[in-house]
Amino acid sequence: MSNTSYSFKENSHVIVNQGGEKKVMKKILSVALSTAMAFSMFASVAFGADAKLTPEQQFNALKEAGIVSGFPDGLSHLERTLTRAELAKIIVNSLSLEPVDATSYNDKNYANHWGRPYIEAATQAGILNGKDAVKKLFDPNGAVTVQELAKVLVTALKLEVPADANNTASEWAKGYVAAAVNAGYLADGINYQAQATRSQAVVAAYAIYEAAQFKVTKAEAIDATHVKLTLSNGETVEVTLEKALEPNKATELEYTTADGKVLKYTVTYVLTTATKVEKVTATNLKEAVVTFDGKVDEDTATEVANYSFKSGKAVKSATLSEDGKSVTLTLSSTFTNNKVEYLTVSNVKAGDATISAKDVEFSVADNELPEVKEVKSLGTKSIKVTFSEPVTNVVQGNFELDGSAYYGDVKELNSRTYVLTPYSGALAVGEHKLVVKGVTDFASFVSLTSTHTITVVEDTAAPTVAEATATLESVTITFSEEVDPDTFDEADVFWKSSGENKEANRVETIADNKYKFYFENTDNALPTGPVTIYVQDVADFSGNVIASGTTVVVTPEIDQTRPEVTKTEATDANTIKVFFNKVLDETTAEDEDNYTVTNGDDEVLTVASANLIQDDNGAYKVVELTLYKDLTVGNNKLTIKNVQDNTRLKNTMLDYSGTVVLGDTEAPKLDDNYLVNEAAGKIVLTFNEKMDVDSLASYSNYYVEYDGKRKPLTGSIADLSVVNGGTAVIITFAENVDLSKVDAIVVLGVKDLNGNVLEEFINGSGNRIAFADKGLEVKSAKLIDKKTVEVEFNSTISAVNKSAFIFNNTVTAATYNVTNVKFDGTNKVKLTWDTEYTDTEGLELDVKGTVTTLVGKLNVDTTTGAATVVEDKVAPEIKGDLAVSGSTITATFTEKLAAVADESRLVSDFVITRKWDGTKLKTSEYDVAVVGNTVVITLNDTTSYNTAYTVQFKGSDLITDDTTNANKAKSFTKTTGVVAAH
């Protein structure tokens with residue numbers, strides 16, 4: 001056979017028949033019609049001089065495969081002709097099509113013809129047709145001509161049919177014959193209308209059979225999106241997938257060759273290193289299990305600081321499974337059953353990658369009773385009982401031993417595992433019965449009574465050190481058996497230097513026989529290179545003590561990992577806790593300069609103190625920041641730099657920038673912006689923040705004082721309408737209510753968006769609103785630019801006319817009529833006039849509103865009262881160019897400036913540069929003074945050259961306008977004319 005290359009198309013949906021498998025015929029049709037190029041590789045077999053097998057040998061191969069059979073005399077008789085039924089059988093068997101039990105033709109005795117199932121299969125596959133479509137005749141015993149065989153081949157192989165064919169075939173067959181000749185399946189110049197021989201049919205069938213064996217013999221996933229295929233002809237192909245493979249799962253794929261042939265097979269992307277968090281589950285109220293899609297690094301996966309729940313639940317411990325793919329998080333508190341939780345995972349290492357996942361959603365569902373999973377003896381003195389989930393309040397009364405009430409110690413190793421030590425002393429060697437009953441889990445489900453057989457075996461062997469690993473700051477020891485943690489502490493593991501013991505300062509339980517001893521203090525950290533570790537006093541539960549003088553040599557690994565921030569939380573308005581994944585160096589962790597806090601208004605909040613504190617496991621991994629000023633509710637920014645860990649190398653963190661969210665815990669308040677219109681039977685209540693709409697619209701949150709009695713508000717008494725995005729509610733009394741008997745509305749437990757209840761309701765005062773007329777009022781008026789005053793009312797404005805407003809200047813006696821009014825459906829209105837207002841003092845606003853000119857939500861007039869003083873909110877700014885006179889430079893501002901007590905401080909707010917050489921003057925080379933509405937700069941520059949200067953004013957807290965608001969002057973950069981030599 002000739003060598004032929006194949007390219008593949010991904011994700012084709014054509015199904016291939018491989019290895020002789022039987023497939024549903026309609027599916028195989030697509031295969032039969034898509035093998036043109038594959039079949040061409042057998043052209044030389046059919047008619048070429050390089051054929052490796054003779055037609056007789058091909059017949060024998062097909063016979064062995066069960067596709068054809070010989071005659072009774074044992075011979076192939078390839079010289080004979082074949083019938084249409086015989087051709088149908090050969091085609092069906094070559095393609096491994098299933099014979100079909102149907103009757104589509106009307107030939108005489110067709111229903112009983114041996115070839116009917118093959119004819120039906122080939123017909124349904126679209127390869128063979130009847131001779132007379134009208135009469136539905138197939139002619140199963142009729143001879144097959146060469147040109148008919150050509151049509152079958154061309155149809156099955158989807159060969160290209162030339163439009164200008166010229167040969168001796170019948171007119172209908174010229175194109176089919178030309179296509180078969182061009183592909184090498186028929187010889188040129190033979191009699192195409194003659195009957196076809198069995199030899200010709202066998203050669204074609206053998207080519208079809210051989211092509212059908214073309215398949216993928218091996219598939220290897222290079223990575224999640226690349227697969228290497230090995231084909232049956234020995235070639236290899238690399239394919240890029242559109243959709244990534246799911247790790248460690250057998251996936252069925254389909255690939256299509258460039259010539260349309262489809263290959264289907266299964267590949268598994270084997271992944272041992274995790275790339276993501278696969279899921280989080282919680283089947284009890286004490287634990288959450290984080291499942292990764294592969295193995296993760298033990299040190300970072302078991303670091304509790306790398307996990308945080310959105311609900312604020314604290315993680316007490318993190319335990320990695322034996323296969324390294326899941327972590328069980330044990331809570332310090334408990335979950336709430338049947339509630340959705342969210343877990344954030346950060347900084348878990350897996351190979352060279354770091355896995356993080358934010359707010360992974362999972363449901364807590366403890367719906368099962370606790371069960372005993374294992375009971376075994378720990379020698380003759382103790383019994384270990386392990387439960388299916390964490391349980392609580394386990395006591396003597398939960399057990400019976402050998403038919404009697406159990407009396408003895410009950411020790412909790414962890415929330416799932418307990419050790420029973422009878423007061424009566426050693427248990428006899430042999431079988432014992434332990435009954436466990438009434439044990440309660442954290443969902444208050446109680447276990448059923450269960451009986452367990454224990455085989456007690458005497459234990460006289462002392463524990464030994466099975467394995468030990470170390471860093472410069474810790475030693476992890478695995479003992480040969482489960483040991484009793486009450487028999488030792490951190491001081492029982494140490495190393496020596498100059499005769500002095502360097503003891504561990506903290507110990508952490510990893511498993512029943514595995515403990516981590518920390519040497520975190522600088523005076524006891526392990527040295528580099530091999531070091532002998534001494535272990536003493538460790539005993540098992542049978543009282544066997546580790547041999548005196550037990551030592552193990554470890555070679556500490558040097559920790560070069562930088563500390564990282566795992567989470568931040570605002571515990572109150574002026575306190576932030578920062579959680580790290582490593583024990584920190586005290587000096588750098590408590591340096592306030594390493595922390596910058598910016599609130600939601602972009603104001604930097606000074607850090608008053610930074611204190612290194614212990615986490616729930618006693619490790620100094622948490623820094624508590626105390627601020628002088630409060631955080632804003634919502635997002636605040638925190639940046640951290642230069643903090644080091646407590647390792648020998650003092651690894652320094654990379655700069656951190658993150659968000660600290662302060663939850664809204666402050667109770668909402670009623671404000672005095674309410675309106676009452678007695679005649680209309682309406683009252684508008686307003687609040688200082690957005691409220692929960694359902695809470696505001698609930699009648700149960702209001703009482704009405706009516707005719708001297710307090711009664712619940714109902715829909716038959718009044719209508720509730722929430723307005724202004726939830727900051728206000730309108731109460732409109734029904735027409736049948738006698739308004740003269742309405743005394744007040746009492747507001748009860750309405751809540752804000754964060755569930756905080758109304759402050760006045762909590763305090764029991766201030767939540768009674770008298771039902772007495774209160775009209776529209778001006779709360780404030782502010783000059784926001786030289787042509788605009790913003791007026792704030794105590795209610796939403798729905799209509800307004802400029803004639804309702806007039807401005808007076810109490811200093812100059814000037815008046816200003818309003819040119820235009822703008823309002824946007826809120827309680828704020830902008831009033832403008834055509835020319836700039838230049839007199840910054842004495843501006844007052846009079847409002848002479850009527851129902852037709854100034855209309856509030858309740859259609860009430862403004863309350864008559866004194867004029868409102870306009871508050872100046874406009875910053876002074878430089879007017880015109882800088883003036884030069886002698887050695888002075890004068891900047892004139894748009895309004896009078898406030899006097900500055902210590903003008904020597906002003907020089908640092910200006911940068912003055914000589915133009916001729918670009919030199920910045922020293923602050924000792926000029927003075928700055930504020931005079932009226934000007935700033936005067938006096939130069940002491942000793943240069944002898946006449947030159948211009950560039951003056952940059954950076955902005956200052958000192959240079960403000962002379963108003964109660966003390967608006968800061970705007971910065972500027974301007975260049976002077978030439979200043980005389982001085």
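Against which helix do the buried residues of α8 pack? The buried residues of α8 pack against α7 (146–157), where contact means heavy atoms within 4.5 Å. The structure is a predicted model, in which local features need pLDDT of at least 70 and side-chain atom pairs count only at pLDDT 80 or more, while totals for chains, interfaces and linings use all residues. Residues are numbered from 1 along each chain as its sequence is written, and side-chain values use heavy atoms, with hydrogens and water left out.

Helices (H or I, at least four residues) and strands (E, at least two) are DSSP runs, numbered from the N terminus. Seven of the nine residues of α8 are buried, so this helix is largely enclosed by the rest of the structure. Here, buried means under 20% relative accessible area, exposed means over 50%, and partly exposed lies in between, with a 1.4 Å probe and protein chains only. The buried set consists of Lys174, Gly175, Val177, Ala178, Ala179, Ala180 and Val181. After α8 comes glycine 184, which has a positive phi near 90°.

Another helix pair is formed by α5 (residues 84–94) and α6 (residues 116–124), which pack at an angle of about 65° with their axes 8 Å apart. Axes are lines fitted to C-alpha atoms, for helices over the stretch in contact, and angles run from 0 to 180 degrees between N-to-C directions. The crossing of α5 past α6 is left-handed; that term applies if the near helix is turned anticlockwise from the far one by less than a right angle, and right-handed applies if clockwise. On the α5 side, the meeting residues are Ala85, Ala88, Lys89, Val92 and Asn93, and their counterparts in α6 are Tyr118, Ile119, Ala121 and Ala122.

Two strands pair if DSSP finds at least two bridges between them. Three bridges link β40 to β41 (residues 682–686) in the antiparallel sense, and asparagine 677 has lysine 682 in β41 as its bridge partner. Elsewhere, strands β19 (residues 408–414) and β20 (residues 417–422) run antiparallel and are joined by six bridges. A hairpin of two residues connects β19 to β20, and glycine 408 stands opposite proline 422 in β20.

Aromatic side chains give a further set of contacts. Rings of Phe, Tyr and Trp (its six-membered ring) pair if their centres lie within 6.5 Å; planes under 30 degrees apart count as stacked, over 60 as edge-to-face and the rest as tilted. By this rule the model has 20 aromatic pairs. In one of them, the ring centres of phenylalanine 488 and phenylalanine 517 are 6.1 Å apart and the planes stand at 50°, so the pair is tilted. Phenylalanine 488 lies in the loop between β25 (474–479) and β26 (493–497), and phenylalanine 517 lies in strand β29 (residues 514–518), so the pair ties together parts that are 29 residues apart in sequence. Phenylalanine 488 is buried at 9% relative accessibility, and phenylalanine 517 is buried at 0%. Phe479, Phe488, Tyr515 and Phe517 form one aromatic cluster.

Strand β25 also holds threonine 478, which is buried at 15% relative accessibility. Beyond its neighbours within four places in sequence, threonine 478 is in contact with Thr464, Val465, Ala466, Glu467, Asn513 and Lys514.

Charges also sit over rings, a term used if NZ of Lys or CZ of Arg is within 6 Å of the ring centre and within 35 degrees of the ring normal. Lysine 310 lies over the face of tyrosine 342 at 5.1 Å from the ring centre, and the charged end of lysine 496 sits over the ring of tyrosine 534, 4.7 Å from its centre.

Finally, backbone angles deserve a look. Most residues other than glycine have a negative phi. Asparagine 338 has a positive phi near 55°; this residue lies in the loop between β11 (326–331) and β12 (339–350) and is exposed at 58% relative accessibility. Alanine 813, with a positive phi of about 70°, is found in the loop between β51 (805–809) and β52 (815–817) and is exposed at 65%.
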